[in-house]
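User: I've got a model open and want to go through it with you. Can we start with a local spot and work outwards?

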Amino acid sequence: VEGYALCFLMPDWMCNIWKEQIPQLAGKSRLRELPAFEADGRHTSVWGGSMLGIPKTTHDPDAAWAIAKRLYLSDELARALYAKTDIVTPIRRHWSDPVFAEPDPFYCGQAKGLMYIEHAPDVPARTSSPLNRQAVYYLSDAAMGVLEYAERTETYDAASLEAEAVRQLSIVQGLLAEQAERNVFLGEGAAQ
């Protein structure tokens, strides 16, 4: 709102959060694909994920499965989910629904649903690990280390900072590897 940001990463669900929490940006924000960092590179990524589980202790697993299928496969619920939350359904047969082509005034009339759908096939696989959150923190530490180095040495071009970035990433990779080695389920005795 105060003009201090150049850009933000915007998964589909974040679009709705902005509308609800920063309404004064209506008509002042636009969406665009991520830049690719190599020729023919990916223009999208992933932030988070979702799943649906049915506990083993469920009294009626067949009824729970029927509810799960309705939640994920219903045309009506896919439309309602997008209209209410801006979340694009992962079910491809729903992507032709006109709701995804509707212009969004908040984002300067862009048909953001179609923008997300265009890149959906390129979303990378997201693996789950208890170390994911720690890895993000370590990556942030490495980025801050490069920033501190740049400011301390007054070095600001990417080529000159590359060696320091590799050094910082090596440090945090080692820290993350130490965390992984502490996992008793991944150690030598895990298979016994």
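User: Where is Glu 154 found?
Analyst: Glu 154 is found in the loop between α5 (132–153) and α6. Helices here are DSSP runs of H or I with at least four residues, strands are runs of E with at least two, and both are numbered from the N terminus.

User: Is Glu 154 buried or exposed?
Analyst: Glu 154 counts as exposed, at 64% relative accessibility. The cut-offs are under 20% relative accessible area for buried, over 50% for exposed and partly exposed in between, with a 1.4 Å probe and protein chains only.

User: And what is phi of Glu 154 near?
Analyst: Phi of Glu 154 is near 55°, a positive value in a residue other than glycine. Most residues other than glycine have a negative phi.

User: What sort of model is this, and how are residues numbered?
Analyst: This is a predicted model, where local features need pLDDT of at least 70 and side-chain atom pairs count only at pLDDT 80 or more, while totals for chains, interfaces and linings use all residues. Residues are numbered from 1 along each chain as its sequence is written, and side-chain values use heavy atoms, with hydrogens and water left out.

User: Back to phi. What about Asp 86?
Analyst: Asp 86 is not a glycine, yet has a positive phi of about 70°. Asp 86 sits in the loop between α3 and α4. With 3% relative accessibility, Asp 86 counts as buried.

User: Where is Gln 110, and what is it in contact with?
Analyst: Gln 110 is in the loop between α3 (75–85) and α4 (112–119). Leaving aside neighbours within four places in sequence, Gln 110 is in contact with Arg 30, Leu 31, Glu 102, Pro 103, Asp 104 and Met 115. Contact means heavy atoms within 4.5 Å.

User: Buried or exposed, that Gln 110?
Analyst: Gln 110 is buried, its relative accessible area being 9%.

User: New topic. How many aromatic pairs are there?
Analyst: A search of the whole structure finds four aromatic pairs. One of them is Trp 13 with Trp 47, whose ring centres are 5.3 Å apart and whose planes are at 70°, so the pair is edge-to-face. Rings of Phe, Tyr and Trp (its six-membered ring) pair if their centres lie within 6.5 Å; planes under 30 degrees apart count as stacked, over 60 as edge-to-face and the rest as tilted.

User: Which parts does the pair of Trp 13 and Trp 47 tie together?
Analyst: Trp 13 lies in helix α1 (residues 12–21) and Trp 47 in the loop between α1 and α2 (61–73), so the pair ties together parts that are 34 residues apart in sequence. Trp 13 counts as partly exposed at 29% relative accessibility, and Trp 47 counts as partly exposed at 46%.

User: Zooming out, how many helices and strands does the protein chain have?
Analyst: The protein chain has six helices and zero strands.

User: What is the radius of gyration of the protein chain?
Analyst: The protein chain has 22 Å, whereas a compact globule of 192 residues would have a radius of gyration near 16 Å. The radius is taken over C-alpha atoms, and the globule rule is 2.2 Å times the number of residues to the power 0.38. Along its principal axes, the C-alpha trace spans about 55 × 55 × 35 Å.

User: What share of the residues count as buried?
Analyst: Of the 192 residues of the protein chain, 22% count as buried.

User: Last one: how far apart are Ala 163 and Asp 97?
Analyst: Ala 163 and Asp 97 are 48 Å apart in space, C-alpha to C-alpha, and 66 residues apart in sequence. Ala 163 lies in helix α6 (residues 158–181) and counts as exposed at 59% relative accessibility.
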